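Subject: Structure handover and notes

Dear colleague,

Please find below the structure I am handing over to you. My notes on it come after.

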Amino acid sequence: MTKTDEALWDSAEVLDSPEALEEYLLAAFETEDPVFIAKALGVVSRARNISDLARSAGMTRAALYRAFNGETRPEFATIMKILRALDISLVPVVKKPDEAA
């Protein structure tokens, strides 16, 4: 039996445009799962230069990895720092009564 090499899928490798990043994050936020959203922000951070991003956010690379590893729930202030460093705005949208679930 021969051993086959399997490559793990890394979403960060295909997030190569602002549109791709936006669609990826929109899909993550639609889940309303804070841990999943944090993981998605970590993937987007890796798709960008994580060292520059950490510096822009006033964080260390290690703190950035820890906050967005998908196993923790980062504080809202941390999420906002990363969104600002990524030049992403978080805009509330009020659902119409017939859209509310």
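Predicted model: local features only at pLDDT ≥ 70, side-chain atom pairs only at ≥ 80, totals over all residues.

Residues are numbered from 1 along each chain as its sequence is written, and side-chain values use heavy atoms, with hydrogens and water left out.

Overall

The protein has five helices and zero strands, where helices (H or I, at least four residues) and strands (E, at least two) are DSSP runs numbered from the N terminus. The order of elements from the N terminus is α-α-α-α-α. Of the 101 residues, 29% are buried. Buried stands for under 20% relative accessible area, exposed for over 50%, and partly exposed for what lies in between (1.4 Å probe, protein chains only). The areas come from the Shrake-Rupley method.

Helix 3 covers residues 50-57. Its buried residues are Ile50, Leu53, Ala54 and Ala57. They lie on the same side of helix 3, because they cover an arc of only 100 degrees around the axis; the arc is that of the directions from the helix axis to the C-beta atoms. Arg55 and Ser56 are exposed on the other side of helix 3.

Arg55 also takes part in a salt bridge with Asp52, with 2.6 Å between the closest N and O atoms. The term requires a side-chain nitrogen of Lys or Arg within 4 Å of a carboxyl oxygen of Asp or Glu, and by this rule the count comes to one salt bridge. Both partners, Arg55 and Asp52, belong to helix 3 and are three residues apart, about one turn of the helix. Arg55 has a relative accessible area of 59%, so Arg55 is exposed; Asp52, at 39%, is partly exposed.

Helix 5

Helix 5 (residues 76-85) has Thr78, Ile79, Ile82 and Leu83 as buried residues. These cover an arc of only 135 degrees around the axis, which puts them on the same side of helix 5. Phe76 and Arg84 are exposed on the face turned away from that buried side.

Surface patches

What makes up the nonpolar surface patch of about 280 Å²? Phe29, Phe76 and Leu90 form it. Leu90 comes in the segment after helix 5 and is partly exposed, its relative accessible area being 40%. There is also a negative surface patch, made of Glu19, Glu22, Glu23 and Glu30. Glu30 is in helix 1 (residues 18-30) and counts as exposed at 64% relative accessibility.

Patches are built from residues with over 30% relative accessible area and no salt bridge; like charges are joined within 9 Å and nonpolar side chains (Val, Leu, Ile, Met, Phe, Trp, Tyr) within 5 Å. Asp and Glu are taken as negative, Lys and Arg as positive, and His and the chain ends are not counted. A charge is placed at NZ of Lys, CZ of Arg, CG of Asp or CD of Glu.

Pairs separated along the chain

Tyr24, in helix 1, is partly exposed with a relative accessible area of 23%. Its C-alpha atom is 8.4 Å from that of Val44, and Tyr24 and Val44 are 20 residues apart along the chain. Gly42, in helix 2 (residues 34-47), counts as buried at 11% relative accessibility.

Regards

Key. Areas by Shrake-Rupley, 256 points an atom, 1.4 Å probe, with all protein chains shown as cover.
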